Amino acid sequence: MGAIIRAQCSCGYDSGALPEGVGFARRGNLIARCIQCRDIIAVRADTSPMRCHQCQGPVVILDRVPIGEGAVPIECPRCSEMTLTCAAEGMWD
Ligand SMILES: [Zn+2]
Ligand SMILES: [Zn+2]
């Protein structure tokens, strides 16, 4: 079980639905940023090193995903402004 996360920015960037795992730390997904794709993606937490499924490049795991009221926006991979926020879109299993 986990939450569907969607990252969006005022520049028009939209990550689409990202499954973020919760509970089973070694089996779930983490939200990460791919520098090469300039995209927010979900990566499997049980692979090492973690790589982008799109370009196989290295990714930066986001240790803070801004969700909900009062969340502080993080850096957008497209426009590099601190205007990226995330929303929880429901659950998956
Ligand atoms: Zn990539
Ligand atoms: Zn942006």
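A residue counts as buried if 20 or more other C-beta atoms lie within 10 Å of its own, exposed if 12 or fewer, and partly exposed in between, with C-beta atoms placed from the backbone. This is a predicted model, where local features need pLDDT of at least 70, side-chain atom pairs count only at pLDDT 80 or more, and totals for chains, interfaces and linings use all residues. Residues are numbered from 1 along each chain as its sequence is written, while chains are lettered from A and ligands numbered from 1 in the order in which they are written.

View 1. Of the 93 residues, 22% count as buried.

**View 2. A three-stranded open sheet.** The strand order is S4-S3-S5, with antiparallel pairing; strands pair if DSSP finds at least two bridges between them. S4 (39-44) and S5 sit at the edges, each pairing on one side only.

**View 3. Zooming in on S3 and S4.** S3 (residues 29-34) runs antiparallel to S4, and six bridges join them. Look for Cys34: its bridge partner in S4 is Asp39.

**View 4. Ile67 and its neighbours.** Ile67 sits in the loop between S5 (59-61) and S6 (84-92). Ile67 is partly exposed because 16 other C-beta atoms lie within 10 Å. Leaving aside residues up to four places away in sequence, Ile67 touches Cys86, Ala87 and Ala88 (contact puts the C-beta atoms, placed from the backbone, within 7 Å). The C-alpha atoms of Ile67 and Ala87 are 5.4 Å apart, with the two residues 20 apart along the chain.

Conventions. Helix = DSSP H or I, 4+ residues; strand = E, 2+ residues; numbered from the N terminus. Contact = placed C-beta atoms within 7 Å.
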